[in-house]
Amino acid sequence: MTSHPDHESPIHDDGTRLHGEYKVPGGKLVVVDLEVDDGRFSKVSLSGDFFLEPDEALEDINRALTGLPDNSTAADIAAAVAAGLPEGAVMFGFSAEAVAVTVRRALSKATGWADHQWEVIPPSVLPTQVNVALDEVLTEEVGAGRRNPTLRFWDWEEPSVVIGSFQSVRNEVDPDGVSRHGITVVRRISGGGAMFMEAGNCITYSLYLPQTLVDGISFADSYAFLDAWVMAALEKLGITAFYVPLNDIATDQGKIGGAAQKRLANGGMLHHVTMSYDIDADKMVDVLRIGKEKLSDKGTRSAKKRVDPLRRQTGLARSVILQAMQDVFTARYGAVETRLTQSELDEARQRVDAKFGTDEWLNRVP
C-alpha cells in the first residue's frame, strides 16, 4: 500500500469500519482497520510497509488491540501493543507508539496534516515584543477554533535577545553587552534557550496548531514531526539537516537552529523555530552568557563555532530561503496565504503593555 507521507488522515469507509494511516517520520507507513462494538475495538487489522519479526507478531498486535476500550489513550494503546509482543520481537520502521497514533487517527481522536486548512502569514516587520505576544494570541486563537492552524514567519528591525520562558535573565544576558549594542531583551512563552536576533540575521517562524496533530507522538518526537517540511525545504536548497535531540537543528557543518514548544490548556500548541542566517558571532558572545556547561555536550569549546549560519552554507539570500520554506509548506499541506487581523494585532499590543513589555514578566526568573 502506498500513501503520500503527509496525507495520513482518518478515513471512515462506512458506518462501522474505521481506517487510519500514519507515516512515521523517517520510518514506514502504518495502517489500521478496525470496528468498534459495544465501546471496544474489534476486527482489528494492522498493515503497512514496515518490517516485523517474527511474522506471527502481527497477529499478536491485532489480538492486543482487540477488546481495548474505544476511549483508550495513546499511552494505553501503546502499552497494550508492547505487552502483547512476544519476547525478542523486532519492529523496524515503526513502534508501539506509532500503532497508537494510527488507531487514534482511525477513531478521529488524532488528526493528520491533511485534516486541517493551513494558512501561512509571510514575514512582516513588527517589534520583537509584539512578535512574542502574537505567539500567545495566535496559539490561543487556534486552540479555541477561531483561527485555522497557521505558519507565521517573523520579521523585526531592532536587535533583540529572546529568552526562554524558564531562563534566568542574569544568567543568560550580559547587561554591559546589552547596553553597548542597544539590545531589546524579551521573554517568550515557550521554553528553550536564548535567541540573539538582529534584523536579517535569523529565520524565525511559529507554527500554531491543535494538539490533536501530535496526539500519541512523544514530546521529543513531535519536534522532528512538526519540522519535516523544513528539512524538505532545506534539502531542496542543497542542505541536509537533521534533529539533534531534543530541539537542535543541525547539519554536518554545525548547529543551524533550535526549536521550542508550548502547549496551552485550550488545546492550542506553539512550535517555534529560529535558524541562524548570518549571525555576528562576536556580538552574540558579547551579549549572551554562554558558559562552559552549556557547551559541555556540544563537542566544541567555542560558542562562536556552535552556530553555522545558513548564508555561509548556501550562499543564498535570506529572502530566497524564506520563500523556499513557504513554497514547500504550501505545496505539502495545501496552505493558503493570509494576514494577521487587526484584532489580533490589537490584542498582541495590549499584551505587550500588560505582560510582555513589563519588568515583572521579563524578570519572573531573575
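**Exercise 1. Work out the strand order of the open sheet of 3 strands, and find which strands stand at its edges.**

Step 1: the open sheet of 3 strands runs in the order β10-β9-β11, and its pairing is mixed. Strands (E, at least two residues) and helices (H or I, at least four) are DSSP runs numbered from the N terminus, and two strands pair if DSSP finds at least two bridges between them.

Step 2: β10 (184-187) and β11 (195-197) each have a single partner strand, so they stand at the edges with one side left without a neighbour in the sheet.

Step 3: look at β9 (residues 160-163) and β10, which run parallel and are joined by 4 bridges. Val-162 has Val-186 in β10 as its bridge partner.

Step 4: Contact here means heavy atoms within 4.5 Å; axes are lines fitted to C-alpha atoms, for helices over the stretch in contact, with angles from 0 to 180 degrees between N-to-C directions.

A word on the source: this is a predicted model, where local features need pLDDT of at least 70 and side-chain atom pairs count only at pLDDT 80 or more, while totals for chains, interfaces and linings use all residues. Residues are numbered from 1 along each chain as its sequence is written, and side-chain values use heavy atoms, leaving out hydrogens and water.

**Exercise 2. Describe how α4 and α14 cross, and by class, what residues the contact has.**

Step 1: the axes of α4 (residues 128-143) and α14 (residues 342-356) come within 8 Å and cross at roughly 115°.

Step 2: sort the contact by class, and you get 10 nonpolar, 1 polar and 8 charged residues. Ala, Val, Leu, Ile, Met, Phe, Trp, Tyr, Cys and Pro count as nonpolar, Asp, Glu, Lys and Arg as charged, and the others, Gly among them, as polar.

**Exercise 3. Find which residues form a salt bridge with Glu-136.**

Step 1: Arg-351 is one partner, with the closest N and O atoms 2.9 Å apart. A salt bridge puts a side-chain nitrogen of Lys or Arg within 4 Å of a carboxyl oxygen of Asp or Glu.

Step 2: Arg-351 lies in α14 and Glu-136 in α4, so this pair ties together parts 215 residues apart in sequence.

Step 3: Lys-355 also bridges to Glu-136, at 2.6 Å between the closest N and O atoms.

Step 4: check burial. Glu-136 counts as buried at 10% relative accessibility, while Lys-355, at 23%, counts as partly exposed. Buried means under 20% relative accessible area, exposed over 50%, partly exposed in between (1.4 Å probe, protein chains only).
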